[in-house]
Amino acid sequence: MRIGVDVGGTNTDAVLMDGRRVKAIHKAPTSRNVNDGIVAAISNVLDICQAAPEDMQSVMVGTTHFTNAFIERKHLQEVGVLRLALPATRGVPPMVDWPDDISAVIGKHHYLVEGGYEFDGRLISKLDEKAIASAAKDMRAEGIRSVAISGVFSPVNSAMEERAGEIVGNELPDVPITLSSRIGRIGLLERENAAIMNASLADLSARFITSFRRALLGLNISAPFYVSQNDGTLMSAEFAEKYPVLTFASGPTNSIRGAAYLSGLKNALVVDIGGTTTDIGMLVNGFPRESAAAADIGGVRTNFRMPDILALGLGGGSLVSQNGKTRVGPQSVGYRLVEDAYVFGGTQLTATDVAVAAGFADIGNRSAVADLSEAFIEETANVIHRMVEEGVDRLKTSAEPLPLILVGGGSILVRKSIAGTTECIVPEHAEVANAIGASIAQVGGETDKVYSYEQITREEALDSAKTDAINRAMAAGANEKTVEIIDFEEIPLAYMPGNAVRVRAKAAGEMRVC
């Protein structure tokens, strides 16, 4: 048996799975102390089934902890940024377009040294190891406790980043080092940004992973635990501690994967309605469709993989107002829904109150919304459905209708047909689809490189990319006997010489159980 947990800004959900069967579920408002809520959630599903902790084979957790920390500029640390690029890129320093408030937190400890490659692996300049050692000594004197290293076209050849990491590690032996080639894709600035973001979360990730591991031991659960990535796969706790940035947007991803499992569909629209927001995504071959655009996170552009998600300010806790025109959200009572909503004895009119009044759900005290007029209820329900319809229309890439899967605790808000869809499906256990998505996820790895077919044959290049993706999946905790390529892309780069081609490969497999 295994446990899946998803910690959101509003709710903490947990599910106990026996094989592919849901045995018990838990849903409760997220506690102020996140770990206390996680422990309570796991304890609850164990108690429901009278399951023994020693029978648990694995625990999977999805969390917005790191995303929220970066967006809110909390619990971040200063980062030493080392770029291997001179004489190239001198005119565009690191963090050049970062918001001032977060730059002030991360600091301006930037070091540019000679190094880097062309797209086909040729040297821009030889790596200046003395300059790297000097930069590392300066970081030590400045008290830097986390380092990000990036190089031009390092995804093509990571040797310089790895050597720079060794030199920095000799000077700063206990400092976590993030290499951009392990996180981002082709494109220096966005990849460097992702590495800096990751490095700024190093201390927080270490504390979170350690705390969660202790919490499991306190529950007498000795099984390994995994953390959800934002591509619908898992990574080991040790890997997640090194690369917390890969958890960004993992919540909606878990919901999409959970929706696929609960509905049995592999291609559909997924609408995940929580307490504060609605996330709309596309399910393609059982996994979330990836965004082709650079992701903006807290005002910082990055290029690591992200699901194609449209977020709306609509949730079960969304406030409903009528000042000449009915308005739903984006303001929300969030996790205070069970205290502030009319049907729970509160004084705030929420979307959940309207759903109860409309007969969409039977929760709380329905008599508390008995005074709402039928016209107002109908109008507000129509506003909610129009918001979802507009979101669906924006995310679709063709006019062809698709099935729509509704999940999340706020799925009670939608009970009418949605234009542009063939049907609306609300599967059993839809309210904890995110935790289920975490529990069934595989372990994955990805590579994104540029090859010159004048220097290497196509077959060699494709084999190299696939092997690299498989190795990364195994490094993240996948069982080597089950790993396979689940996504592959080959894009000719007409604007580059040497018959250049960009190759991206993603591999996934069942988790390795020790």
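The discussion below sets computed values against the definitions in use.

Mentor: This is a predicted model, in which local features need pLDDT of at least 70 and side-chain atom pairs count only at pLDDT 80 or more, while totals for chains, interfaces and linings use all residues. Residues are numbered from 1 along each chain as its sequence is written, and side-chain values use heavy atoms, with hydrogens and water left out.

Trainee: What makes H429 buried, exposed or partly exposed?

Mentor: Its relative accessibility is 21%, so H429 counts as partly exposed. H429 lies in the loop between β20 (421–425) and α13, and has a positive phi of about 70° although it is not a glycine. Helices (H or I, at least four residues) and strands (E, at least two) are DSSP runs, numbered from the N terminus.

Trainee: Why is helix α13 described as largely enclosed?

Mentor: Eight of the eight residues of α13 (residues 433–440) are buried, so the helix is largely enclosed by the rest of the structure. Among them are N434, I436 and I440.

Trainee: What makes the ring pair F208 and F212 stacked?

Mentor: Rings of Phe, Tyr and Trp (its six-membered ring) pair if their centres lie within 6.5 Å; planes under 30 degrees apart count as stacked, over 60 as edge-to-face and the rest as tilted. By this rule there are six aromatic pairs. For F208 and F212 the centres are 6.3 Å apart and the planes make 10°, which gives a stacked pair. Both F208 and F212 are buried.

Trainee: What is the class of the pair F239 and Y243?

Mentor: The ring centres are 4.8 Å apart and the planes stand at 50°, so the pair F239 and Y243 is tilted. F239 and Y243 are both buried.

Trainee: How do you know that R257 sits over the ring of F287?

Mentor: A charge sits over a ring if NZ of Lys or CZ of Arg is within 6 Å of the ring centre and within 35 degrees of the ring normal. R257 lies over the face of F287, at 4.2 Å from the ring centre. The charged end of K466 likewise sits over the ring of F488, 4.9 Å from its centre.

Trainee: Which strands form the open sheet, and in what order?

Mentor: Four strands form it in the order β6-β5-β7-β8, with parallel pairing. β6 (109–114) and β8 (177–179) each have a single partner strand, so one side of each is left without a neighbour in the sheet.

Trainee: How do you know that β7 and β8 pair?

Mentor: Two strands pair if DSSP finds at least two bridges between them. Strand β7 (residues 147–151) and β8 have three bridges, in the parallel sense. The bridge partner of A148 is T178 in β8.

Trainee: Which strands does helix α5 touch?

Mentor: Helix α5 (residues 159–171) packs on the sheet and touches β5 (80–86), β7 and β8, where contact means heavy atoms within 4.5 Å. Its direction makes about 150° with that of β7; axes are lines fitted to C-alpha atoms, for helices over the stretch in contact, and angles run from 0 to 180 degrees between N-to-C directions.

Definitions and conventions:
Buried means under 20% relative accessible area, exposed over 50%, partly exposed in between (1.4 Å probe, protein chains only).
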